[in-house]
Amino acid sequence: SFPSNHMTIFSSIAFAYYFSAYRQVGKLLIAVAWLVAWSRVYVGVHFPIDMFGAFFLALFVNISGLTLWNKYKEVILNFVLWIHQKIFKSLIQKGYVK
């Protein structure tokens with residue numbers, strides 16, 4: 001049960017918004033994540049340390065991902081576009097997909 005899956009998911013989404021242009025939404029979602037965490041502890045499914053572990057895991061993963069994105073943005077985008085063009089080659093040629 002360590003870390004809590006619920007808190008990891010909620011916190012990951014919240015931090016993704018927090019570190020974007022939608023910081024206010026991120027703040028709201030962080031508060032919601034802690035409400036979910038409290039409810040999980042309240043009903044006896046988790047210990048508080050499970051929630052803190054999930055929160056800091058999500059924070060670490062988001063900061064790491066943001067760092068990688070800022071450093072390798074062009075490489076990542078080119079790779080994703082290359083995969084897109086390979087997978088959808090026939091649909092792109094027919095004009096169904098751009």
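Analyst: The answer below takes the helix contact and then turns to the aromatic rings.

This is a predicted model, in which local features need pLDDT of at least 70, side-chain atom pairs count only at pLDDT 80 or more, and totals for chains, interfaces and linings use all residues. Residues are numbered from 1 along each chain as its sequence is written, and side-chain values use heavy atoms, with hydrogens and water left out.

Two packed helices are described by the angle between their axes and the distance between the axes. Here the pair is helix α2 (residues 23-42) and helix α3 (residues 48-87), whose axes come within 9 Å and cross at roughly 155 degrees. That makes α2 roughly antiparallel to α3. Angles under 35 degrees count as roughly parallel, over 145 as roughly antiparallel, 65 to 115 as roughly perpendicular and the rest as oblique. Axes are lines fitted to C-alpha atoms, for helices over the stretch in contact, and angles run from 0 to 180 degrees between N-to-C directions. Helices are DSSP runs (H or I, at least four residues), numbered from the N terminus.

On the α2 side, Ile-30, Trp-34, Ala-37, Arg-40 and Val-41 take part, and they meet Pro-48, Met-51, Phe-52 and Phe-55 of α3. Contact here means heavy atoms within 4.5 Å. By class, this contact of α2 with α3 has 8 nonpolar, no polar and 1 charged residues. Ala, Val, Leu, Ile, Met, Phe, Trp, Tyr, Cys and Pro count as nonpolar, Asp, Glu, Lys and Arg as charged, and the others, Gly among them, as polar.

Trp-34, Phe-52 and Phe-55 also belong to one aromatic cluster, which includes Phe-15, Tyr-18, Phe-19 and Phe-56. Rings of Phe, Tyr and Trp (its six-membered ring) pair if their centres lie within 6.5 Å; planes under 30 degrees apart count as stacked, over 60 as edge-to-face and the rest as tilted. By this rule there are 9 aromatic pairs. One of them, Tyr-18 with Phe-19, is edge-to-face, at 5.4 Å centre to centre and 75 degrees between the planes. Phe-19 is partly exposed, with a relative accessible area of 28%; buried means under 20%, exposed over 50%, and partly exposed in between (1.4 Å probe, protein chains only).

Phe-79 and Trp-82 form a stacked pair, 6.2 Å centre to centre with 20 degrees between the planes. Both lie in α3, 3 residues apart, about one turn of the helix. Phe-79 is partly exposed at 49%, and Trp-82 is partly exposed at 48%.

Methods:
Helices (H or I, at least four residues) and strands (E, at least two) are DSSP runs, numbered from the N terminus.
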